[in-house]
Amino acid sequence: MDHVKLSAHNLNLFFGSKQILKNINIDFGENQITSLIGPSGCGKSTLLRCFNRMHDLSADARIEGTIQLNELDVYDKKNPVTQIRKRIGMVFQKPNPLPKSIYENLSYGLNIHQFPKDEIPGLIESALKESYLWDEVKDELKKPAVKLSGGQQQRLCIARTVVLRPEVILMDEPCSALDPISTRKIEELILSLRKDYTIVIVTHNMQQAQRISDKVAFMYLGELIEYDSTENIFKNPRQELTKNYVGGHFG
Amino acid sequence: MNASKREAIDRLLKMVFRATGLVTIGLLGGIFFMLLFNSIAFFAKGNPIDFFTGSQWNPGSDAGNYSILPLLASTGFVALGSMMIAVPLGIFTATFLSELAPDTLRTILKPVIEMLAAIPSVAIGFLGIVLVGPAIARVFGIQNGLNALNGSILLAIMALPTIITISEDAISAVPKTYKEASLALGANKWATLFQVTLPAALPGLIAAVMLGLGRALGETMTVLMATGNAAALPKGFLDSIRTITATIAIEMGEVPYQTTHYFALFAIAVVLFIITLLINLLGEFFANRLRKFHA
Amino acid sequence: MKARLIIFLNWFVLLGSTLLVCAVLGIILVDIFSKGMSSVTWEFISQPPAKGMTQGGILPAIIGTLWLTLITTLFAVPFGVACAIYLNEYAFPSILTNVIRASIRNLAGVPSIIYGLFGLALFVQAFRLGTSVLSAGLTLGLLSLPYIITTTEEALKRIPNSMREATLALGATQFETIKDVVLPSALPGILTGVILTLSRAAGETAPILFTGVAFYINGLTSSVNQEFMALPYHIYMLSTQHQSIEQVRPLAYGTSVVLIAMVFLLNLTAFYIRFKNRTQQ
């Protein structure tokens, strides 16, 4: 691996007294797409949410271990969580556009992070182009975002993340609420984003993991079972458990 | 404005919001201690034993009789009377609304209940004087209809929306599976309603009655206007009565500050406060039972 | 035969109760409006009382009630909304939040006359605000708080978490999320609750009895430290305390019409906002 962008070391996560993540150690390479796979409840979404501190607002979540973005300690109290999340963006399972116009969905993040006012329109245009949405919406930027189709909404959510120029984009099953055509478009989009961003994606869909990812991590019951190149995981898994899962025997 | 400044604003406002939450506790505590503090001043000056055992509330007399009993009896009497009217009427209406009424009828009737709740108590008290009072006088052949019966009818009207709304929620919250199980066993609609649905909703119905009762006990204007305000132990529904709330309303405006009479009014208020608090807590206890039961 | 009789009786009791409840509302409205409408003239709502309250209008009482409601709003709405935000957006379940919630529920059950006593002790005497529209408005504000908190919290609960996650994930602080997304989305729900609460507060009499209401004032209330006239208190005094009660009865009816119309107007506004919001979603 060339350069480690994001990593977790000895990561444990508890909800109350229940341990959800068990001693996770993982490195994500820069400009790579890594898929997190595993059966429901294995902790893959929970792990994803550790990287941008989305568990901060859960009453009983407790985290041990470290997460690093380059050399920066993500959980160091000295680092404002707002800045962490600006650098590590997130796209959710269900498209969640803000109840505002298409334009405002993108300008919102730029405004709260005080990007220079005169640069905003240009940044929005290029983010929409990067997200393959510009041609469809350029004439109706004032339209409420909720009027877009599901697939368009999800691309808008990706554009909203991309516009802030994050270093890492976390995606939590971004296609699970979409039809096959929209899914295909989003997959193309994810592949094209790879040159500029480090992407970690949680997916249920093993074909999708094969199509888009450079590396795949298989999780089971809160543990990281195997982490390897996509080819090795699907063709040549070292662990029996991985073999059974990718072979469709359970999950 | 940089990131640390934004986070500082966030932390500051979180503290402000939190403070408002703490103030609500302070408010309930403040009300209680204000009442208690002033009542203690009364018990220090007056005669605590007479307060609970005497039979007269007559602050104007030379001796100064401050017994809560006639007021307490009046309050309880008129409130119980109102429950005798409002409980069956309210629960039957709630049953009709949630189990029998078609959807269109329900969407018309629900605003009717909300409108009834919106009518100011002073307007209902006014009707007690001009409408209910004369009617009672005519029916029973008495001089004037400002008495406990009048107060009970008006309080029933005021408690009805509370009882109907909460009972209806309780009845509709009964899981459909219960009814289906009963119907599948061959019980008819009515047996299911009276033997399965209503018993299952019982804790909620009790909660509804408790909250309605709390409302009736604490209501001031209607009883002040329509019950005749005679501070004596009531013997029947055609007697004039005088509740704790009405006594405070009448006398607090005229009494000089910091006198025994002034403190006596706080003493009867603290009794009312504790009674309504207990009734509400009891209602909450039953409402929680219903929640746990269905969870 | 017996079975059919029972079914008939069941229907009779349940439907009869419902109709009786509706009839009560009908009787109240028909009696007050049929006997009061003729008193409600332009002069009645635009003139002060005249000739020892036996003639003239109720303008000072209308103005007083508006003042009172305004002060109640300014005090109770920010306070109540802030408390609801704390409970729904910030607070983790704990003993403290349970105590806060229990306090709020019990505050809603405290008799209104006791709020009047508390307002007298706190605002009129301890804070030395005297008997004034300010003292009375603050007292009504305290009475309204639990309702505003409860309805606001319900409105906030209806906003899905995915909406909050959207802005948080972009690096917004929690407060920015609340200000920019949660509150605007919850606004119709909050507004409905606030308006319904205010319509109740406007009709309350007991809490203002000792805190600043007056049977008659010369001129109109023009500042917060003056005493004031109010519609509900006006009805009470005209119907029980006036020396020529029969003579002023039409005025009492007319005042009731104005008060009920005002309260219903507020209620209809709230229903309209609720309805419009539901159909939009």
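User: Hi! Let's start with chain A and chain C: how many residue pairs are in polar contact across their interface?
Analyst: Hello! Five residue pairs make polar contact across the interface of chain A and chain C, with both partners at pLDDT 80 or more. Keep in mind that this is a predicted model.

User: Noted. Which elements of chain A give two or more residues to the side that touches chain C?
Analyst: Those elements are helix 2 (81–87), strand 6 (88–91), helix 3 (102–112) and helix 6 (150–162) of chain A. By class, the side of chain A that touches chain C has 12 nonpolar, seven polar and six charged residues.

User: And how many salt bridges between chain A and chain C?
Analyst: The count there is one salt bridge. A:R49 and C:E165 form a salt bridge through their side chains, at 2.6 Å from N to O.

User: What area do chain A and chain C bury between them?
Analyst: About 1700 Å², and carbon and sulfur atoms account for 68% of it. On the chain A side, A:L57, A:R85 and A:Y108 supply 29% of the area that chain A buries against chain C, more than any other three residues.

User: Nice. Switching over to chain B and chain C, how many residues of each are in contact?
Analyst: Chain B has 71 residues in contact with 77 residues of chain C. The area buried between chain B and chain C is about 6700 Å², with 79% of it from carbon and sulfur atoms.

User: How many salt bridges does the rule find across the interface of chain B and chain C?
Analyst: It finds three. As for a specific pair, the side chains of B:R6 and C:E176 meet in a salt bridge at 2.8 Å, N to O. Polar contacts between chain B and chain C come to 10 residue pairs, both residues being at pLDDT 80 or more.

User: Which element of chain B gives the most to the side touching chain C?
Analyst: That would be helix 1 (residues 3–45) of chain B, with 20 residues. The side of chain B that touches chain C divides by class into 50 nonpolar, 12 polar and nine charged residues.

User: Down to single residues, then. Where does B:T220 lie?
Analyst: B:T220 is in the loop between helix 8 (189–218) and helix 9 (221–226) of chain B. Not counting residues up to four places away in sequence, B:T220 touches B:T245 and B:A249, along with C:S112, C:I113 and C:A206 of chain C.

User: Why does B:T220 count as buried?
Analyst: Because its relative accessible area is 1%, and the cut-off for buried is under 20%.

User: What about C:E153, buried or exposed?
Analyst: C:E153 is buried, since its relative accessible area is 8%. C:E153 sits in helix 6 (residues 133–157) of chain C. Leaving aside neighbours within four places in sequence, C:E153 is in contact with C:A84, C:L87, C:N88 and C:R101.

User: Last topic! Which residues of chain C does UniProt list as "transmembrane region"?
Analyst: The unreviewed UniProt entry lists residues 7–30, 58–87, 107–127, 133–150 and 251–273 of chain C.

User: How much helix is there over residues 7–30 of chain C?
Analyst: Residues 7–30 of chain C are 100% helix and 0% strand, with the end C-alpha atoms 33 Å apart. Residues 58–87 of chain C are 97% helix and 0% strand, and there the end C-alpha atoms are 42 Å apart.

Terms used
Residues numbered from 1 in each chain as written. Chains lettered and ligands numbered in written order. Predicted model: local features only at pLDDT ≥ 70, side-chain atom pairs only at ≥ 80, totals over all residues. Heavy atoms only, no water. Contact = heavy atoms within 4.5 Å. Buried area = accessible area lost by both parts, 1.4 Å probe. Salt bridge = Lys/Arg side-chain N within 4 Å of Asp/Glu carboxyl O. Polar contact = N/O pair within 3.5 Å; in protein donor to acceptor, adjacent residues only side chain to side chain. Helix = DSSP H or I, 4+ residues; strand = E, 2+ residues; numbered from the N terminus. Nonpolar A, V, L, I, M, F, W, Y, C, P; charged D, E, K, R; others polar. UniProt positions renumbered as here; feature names shortened; annotations may be inferred. Buried < 20%, exposed > 50% of the residue type's maximum accessible area, 1.4 Å probe, protein only.
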